[in-house]
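Take a look at the chain below.

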Amino acid sequence: MSESPVRVLLVDDEIGFLDVLAKRMGKRGYAVTTAGSGAEGIQVLRGNDFDVAVLDLKLEDMDGIEVLQIMKKMVPDLPVIMLTGHGSEQAAREGVKSGAFDYLLKPCALDDLLDKIGEAAAGTASSQNETE
């Protein structure tokens, strides 16, 4: 029985960062879908199932906290990891209060992000597998 890959939604308006991160995660066996804006992230979430979302706090079109709150209304059990630049830690902590799984400071090491995604996915997987 092969394990299905962790499905990750990446939302960030830094397209270069998004592309590099998606490629690197894809090489490690993650099923990655990207969105270059908050609105696009919400749109993608409407039509797909994800195990974890990684959401940049600073987006050009919408506030990351606002996007987080909409995502949590749409899929209450979806773990969302916030990414934030230096100096925005307070806002990231607000995100955790609004339902984010956790946050990481950008730039973050890929392994740190993957560890956090693994923790978040394991948290949802354990509740889904109780019926098996």
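This is a predicted model. Start at helix α2, which covers residues 38-47. Its buried residues are Gly-38, Gly-41, Ile-42, Val-44 and Leu-45. Look down the axis of α2: these buried residues fall within an arc of 165°, so they line one face of the helix. The other side of α2 has exposed residues, namely Gln-43, Arg-46 and Gly-47.

What do the buried residues of α2 pack against? Their partners are β1, β2 and α3. The table gives the place of each in the sequence.

| Element packed against by α2 | Residues |
|---|---|
| β1 | 7-11 |
| β2 | 31-35 |
| α3 | 64-74 |

Now step back to the whole protein. How many helices and strands does it have? There are 5 helices and 5 strands. Along the sequence they follow the pattern β-α-β-α-β-α-β-α-β-α. The radius of gyration is 14 Å, close to the 14 Å that the globule rule gives for 132 residues, so the protein is as compact as a globular protein of that length. The C-alpha trace spans about 45 × 30 × 25 Å along its principal axes.

Contacts tell us about the fold too. Take those between residues at least 6 apart in sequence: 61% of them join residues at least 24 apart. Of the 132 residues, 43% are buried. The protein exposes about 7200 Å². Carbon and sulfur atoms supply 48% of that area.

Next, move to the loop between β5 (102-105) and α5 (110-128), where Pro-107 has its place. Is the peptide bond from Lys-106 to Pro-107 cis or trans? The bond is cis, with omega near -5°.

Finally, find Gly-87. Its loop runs between β4 (80-84) and α4 (89-97). Is Gly-87 buried or exposed? The cut-off for exposed is over 50% relative accessible area. Gly-87 has 78% relative accessibility, so it counts as exposed. Along the chain, Gly-87 and Leu-105 are 18 residues apart.

Notes:
Residues are numbered from 1 along each chain as its sequence is written. This is a predicted model: local features need pLDDT of at least 70, side-chain atom pairs count only at pLDDT 80 or more; totals for chains, interfaces and linings use all residues. Side-chain values use heavy atoms; hydrogens and water are left out. Buried means under 20% relative accessible area, exposed over 50%, partly exposed in between (1.4 Å probe, protein chains only). Helices (H or I, at least four residues) and strands (E, at least two) are DSSP runs, numbered from the N terminus. The arc is that of the directions from the helix axis to the C-beta atoms. Contact means heavy atoms within 4.5 Å. The radius of gyration is taken over C-alpha atoms; the globule rule is 2.2 Å times the number of residues to the power 0.38. Accessible areas come from the Shrake-Rupley method with a 1.4 Å probe; for residues, only the protein chains shown count as cover.
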